[in-house]
Amino acid sequence: MHGRGGQGAVTSAELVAQAAIDEGKYAQAFPAFGPERRGAPVQSFIRISDKQIRIRAEVTEPDIVVVLDPGLLNIVKVTAGLKKNGLVVVNTKSLDNVPADIRANYRLAVIDANLVAKETLGAPIVNTTMLGALLKASGVVKLESMSEPLKKRFGKLAEKNLAAMKRAFDETQVKEMATNA
Amino acid sequence: MTKRVGMEVSVAIGEMVKMADVDVIAAYPITPQTHIVEHLAELVADGELDAEYIPVESEHSAMSACLGSSAAGARTFTATAGQGLELMHEVLYVASAMRFPIVMTVANRALSSPLSVWGDHSDAMAVRDTGWIQIFTENGQEVIDNVICAFRIAEDHNVLLPVMVHLDGFHLSHVIEPMLFPEEEQVKAFLPINDYPLPLNPAKPVAMGDFAPPVIYTEAKWAQEENLRKSKETILAVWDEFAKAFGRRYLPVESYRTEGAKTLLLTMGSFSETAMTVIDKLRDEGQKIGLIRLRLWRPFPFEELRQAVKGVETLIVLDRALSTGGPGGPVCSEIRSALYDMSFRPKIVSFVGGLGGRDITATGFETIIKRGMELARTGSDKEFQIFGVRE
Amino acid sequence: MPKSDNELTWKDLEIGCIVTTPGSAAAYRTGDWRSQKPEYDFSRCIKCGMCQLYCPEGCVKVNTQGYFEADLYHCKGCGICARECPVWVITMKEEA
């Protein structure tokens, strides 16, 4: 998951992992370790499996990449190591903002998370919104499994975050590779 | 009922310390241990844990405060990492010689310079001689289980020694993963109250921390040494009790798929889990190869190690710390020394890697094993192999 | 008869070398190396206790007549009591 420090990339990884664990799966979530500062590009990693996860290293060959900030598409190679036919979930207004090579080689899920977040949450904090997109495009955990972790993490604010997530889930456009023009 | 919880390992440590009903926490924050002490501070502030939290001004003070609280008979906990462990260095020797049952989790971190907040074992290797019981862990479950065991081991009247539980900084401390949490009642049943035999008490005054001229220093140190060695009996007994109460068993040397293995890889810490995936792959390819891990670092498990390498031809040791200018891999040098007098001992190849938080991937382990087996055949003019350096 | 230091074995030591006899330092015969000792003319003594307050060894005790007198097992002969006594009860005389 690619984001900028302060956007909640680490928190979202945590939430997905907790949801997977609640579903009885095994999961591992951690940030790219080290000190960070607000606004700087950051990464967080998630592994989900039905079996115990024993790899303890950064994810270098992801199946899925989530990009919380569209500006990162131009400065970070978000698809580094991404498997063939991998999925890229991007926060962007339009498919046209996604570089052509990404459009051509990977599955895409696109949502204008900034808009959804602003309208549902009242602030452009997109991490929970993007989780909706991720779940829609990949189904790694069930949407319902997210409510407990969100409630524990956000307390009173959980409802709005869940709403943003659900809206993104409904509105995310998933494009398979073959139909990318 | 055990609960399956998804939580950051550092926070889970805090939860275990809470269940252990600790009396005093004197700690100073340092990456990557911060989440442990922050969570504990929250628990104390919110009234969920009835303990005295002493926010000291340095790790030296933290350990010094722990000496005092433990001397008064309080169940004492602290945590540190890297430079913090070094800053309290002189006090560590005092804690063990004075026989205080302090429990400390160390989120292993590389030592400066250059400044690194990332994980390796150099901090742990620097405190080998401090007289503490030291246990290494590989995943979140092992961490929380051994934090509970640590209190019981430390406070046992046959032991009365401080215990360090080592966990990889960041690679374990900052990872969210599933763990089985015991019930608070189970933990309380497992941990009797701390009953230090000679605490500071105005009604029964004692003098602690005295001065020993040459005529008696050797005896004092030998008494300490005998006690540390003998503590292994209690450690094994506690792990046995733990297995009966909670269903998970811990051993001084853990083996993974070592049956009939001619080649063994030895690792410590969370790397071991990545290594296991490689062992699986190589075993599937028909290679007779296994993995052993040292869980009990001090007192050093001589018998269990010698037993584990019986009949093994090649032992590849991966150290996550570098003893500069010396034998290279500190763990490897101790292994070599432990096995030296065996009439049949494996060829030992020393690798040092994963320094300063550098990952070793499954592919990396495959390379290490292949190269290690090669070097066992050809020999090497180097004391050890450095893995992963860009030249 | 307690063992002397060079007879103690490691098994004789308490855990952490804790000393369980309080005030055991009093067993040291610190009066052995003095070069002068206090001599008293109690006819002058007003029992003010200043010598006891000032003694750095804390070895001035009240004798059976109620006068303040140094216990010579511990007295190191520093002479502070003689200096501080307001009525000059004490003179320091060289040890034989």
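Student: Which strands of chain B does helix α12 (residues 330-339) lie across, and how is its angle to β13(B) defined?

Tutor: Helix α12 of chain B lies across β10, β13 and β14 (347-352) of chain B, running at about 145° to β13(B). Axes are lines fitted to C-alpha atoms, for helices over the stretch in contact, and angles run from 0 to 180 degrees between N-to-C directions. Helices (H or I, at least four residues) and strands (E, at least two) are DSSP runs numbered from the N terminus. The model is predicted: local features need pLDDT of at least 70 and side-chain atom pairs pLDDT 80 or more, while totals for chains, interfaces and linings use all residues. Residues are numbered from 1 along each chain as its sequence is written, and chains are lettered from A and ligands numbered from 1 in the order in which they are written.

Student: What other helix packs on this sheet?

Tutor: Helix α13 (residues 362-378) of chain B does, touching β10, β11 (289-294), β13, β14 and β15 of chain B. Its direction makes about 130° with that of β13(B).

Student: What makes β10 and β13 of chain B a pair?

Tutor: Two strands pair if DSSP finds at least two bridges between them. Four bridges join β10 (residues 263-267) to β13 (residues 314-319) of chain B, so the two strands pair, and they run parallel. In one of the bridges, Leu266(B) has Val317(B) as its partner.

Student: Why are β9 (253-256) and β15 (385-386) of chain B said to stand at the edges?

Tutor: The open sheet has six strands in the order β9-β11-β10-β13-β14-β15 (chain B), with mixed pairing. Both β9 and β15 of chain B have a single partner strand, so one side of each lacks a neighbour in the sheet.

Student: How do you know that the size of chain A agrees with a compact globule?

Tutor: The radius of gyration is taken over C-alpha atoms, and the globule rule is 2.2 Å times the number of residues to the power 0.38. For 181 residues a compact globule would have a value near 16 Å; chain A has 15 Å, which agrees.

Student: What makes up the contact between chains B and C?

Tutor: Residues are in contact if their C-beta atoms, placed from the backbone, lie within 7 Å. Chain B gives 17 residues and chain C gives 13 residues. Helix α9 (residues 214-246) of chain B supplies the largest share of its side, six residues.

Student: Which chains do not touch?

Tutor: Chain A and chain C do not, their nearest C-alpha atoms being 40 Å apart.

Conventions:
Two residues are in contact if their C-beta atoms, placed from the backbone, lie within 7 Å.
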